[in-house]
Amino acid sequence: LLISTDRRFLRVTAFLLRRKGFVVETGARPELALVERHRPDVVVIDGNGSVSDAVRSLAEIEARWPDVALLVVSEEALERRGLLFRFMPKWSAGDRLADEVGRAYFRVDRA
């Protein structure tokens with residue numbers, strides 16, 4: 001599940017991830033209903049605008065669906081220790097994000 005208010009980012013990133021073989025759903029806002037509806041293995045959320053809102057939304061997702069892997073992308077350099085979320089540059093190469101999504105997917109407990 002890819003979430004961003006940046007339509008260009010959604011289009012480009014969804015295209016690149018799909019090209020790598022991922023099934024991608026997109027949304028403009030980090031709504032819990034999206035997670036409920038799509039039941040993603042990995043959620044990638046755009047932290048631009050309000051990183052604290054993104055982190056709050058991801059904390060809610062993690063509390064309800066602890067088996068969902070979480071990534072935050074941002075144009076700003078972010079260093080947050082002790083969080084369960086992986087931060088990375090928003091406009092990183094598609095291969096890098098695809099690699100991170102793959103790693104996040106395989107780290108999730110699928111019991």
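User: Which residues have the most contacts inside the largest nonpolar core?

Analyst: This is a predicted model, in which local features need pLDDT of at least 70 and side-chain atom pairs count only at pLDDT 80 or more, whereas totals for chains, interfaces and linings use all residues. Residues are numbered from 1 along each chain as its sequence is written, and side-chain values use heavy atoms, with hydrogens and water left out. A nonpolar core is a set of buried Ala, Val, Leu, Ile, Met, Phe, Trp, Tyr and Cys residues joined through side-chain atoms within 4.5 Å; buried means under 20% relative accessible area, exposed over 50%, and partly exposed in between, with a 1.4 Å probe and protein chains only. The largest core has 16 residues, and those with the most contacts inside it are Leu2, Val42, Val44, Leu97 and Val101.

User: Which elements give two or more residues to this core?

Analyst: Helices (H or I, at least four residues) and strands (E, at least two) are DSSP runs numbered from the N terminus. By that assignment, the elements giving two or more residues to the core are helix H1 (7-19), strand E3, strand E4 (69-74) and helix H4 (94-107).

User: In what order do the elements of the chain run?

Analyst: The chain has 4 helices and 5 strands. From the N terminus on, their order is β-α-β-α-β-α-β-β-α.

User: Among contacts in the chain between residues at least 6 apart in sequence, what percentage join residues at least 24 apart?

Analyst: A contact means heavy atoms within 4.5 Å. Among contacts between residues at least 6 apart in sequence, the share that joins residues at least 24 apart is 64%.

User: Is Asp46 buried or exposed, and which residue's side chain does its own side chain join in a polar contact?

Analyst: Asp46 is found in strand E3 and counts as buried because its relative accessibility is 10%. Leaving out residues up to four places away in sequence, Asp46 touches Ile3, Ser4, Asp6, Phe9, Ala54, Val73 and Lys90. A polar contact is a pair of N or O atoms within 3.5 Å; within protein, one must be able to donate a hydrogen and the other to accept it, and residues adjacent in sequence count only if both atoms are side-chain atoms. Such a contact, of 2.7 Å, joins the side chain of Asp46 to that of Ser4.

User: How far apart in space are Val68 and Val43, C-alpha to C-alpha?

Analyst: Val68 lies in the loop between helix H3 (51-64) and E4. With a relative accessible area of 8%, Val68 is buried. Val68 and Val43 are 25 residues apart in sequence, and their C-alpha to C-alpha distance is 7.0 Å.

User: What is the phi of Arg39?

Analyst: Arg39 lies in the loop between helix H2 (32-38) and strand E3 (42-46). Its relative accessible area is 48%, so Arg39 is partly exposed. Although Arg39 is not a glycine, its phi is positive, at about 45°.

User: How far apart in space are Glu31 and Ser57, C-alpha to C-alpha?

Analyst: Glu31 lies in the loop between strand E2 (26-27) and H2. Glu31 counts as partly exposed because its relative accessibility is 37%. Glu31 and Ser57 are 26 residues apart in sequence, and their C-alpha to C-alpha distance is 7.7 Å.
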